Amino acid sequence: MGRPADLRCAVKPAVLVCSFVLCVYAGVRLLDGDWFLVALWFVGAAVVHDLVLLPLYAGADRVLVKGAGRWVNHVRVPAALSGLLLLVWFPLISGRVSERYAGVAGQSAEGYAMRWLIITAVLFGGSAVVFAVRRGRG
């Protein structure tokens, strides 16, 4: 039997293929068989992320690191968590799928934007409290 590193190298491609299969399945189920929109969404997401968003948030992080000094992670962590929540719940936060969501889930999609803003404020507020406590001790 091979070394454990050999096993990890053999498992990674299988996990990657499984994740792509899961993404394709989710895309097909989400858009109810509208293949053109599914393909457009996948290509658009990759292009927009790689050519637009990645340079923007990498540049913003570089500016933050230069200007923030020691408290950079007290901004990075809540911003990353808030951005992740926005990315995951964007259709409901923007209100673009509220009728479809209400039809499928049987619940209203209203209030997602306000809840996301509250969660973002709590994340940044909690980070500010942690920073203040650490600064007070030091």
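1. Which residue just after α3 takes a positive phi? Gly95 does, with a phi of about 80°. The model is predicted, so to speak of local features requires pLDDT of at least 70 and side-chain atom pairs count only at pLDDT 80 or more, while totals for chains, interfaces and linings use all residues. Residues are numbered from 1 along each chain as its sequence is written, and side-chain values use heavy atoms, with hydrogens and water left out.

2. Helix α3 (residues 73-94) has a kink of about 65° at Val88, shortly before Pro91; the bend is the angle between axes fitted to the seven residues ending there and the seven starting there. Helices are DSSP runs of H or I, at least four residues long, numbered from the N terminus.

3. The largest pocket has a volume of about 1800 Å³. A pocket is an open set of points on a 1 Å grid over the protein atoms alone, where a 1.4 Å probe fits, with protein on both sides within 12 Å along at least five of seven lines; lining residues have an atom within 4 Å of a point. A volume is the space filled by probe spheres set on the points, which are joined across faces, edges and corners.

4. α2 (35-68) gives the most to this lining of the largest pocket, with 14 residues.

Notes
Helices (H or I, at least four residues) and strands (E, at least two) are DSSP runs, numbered from the N terminus.
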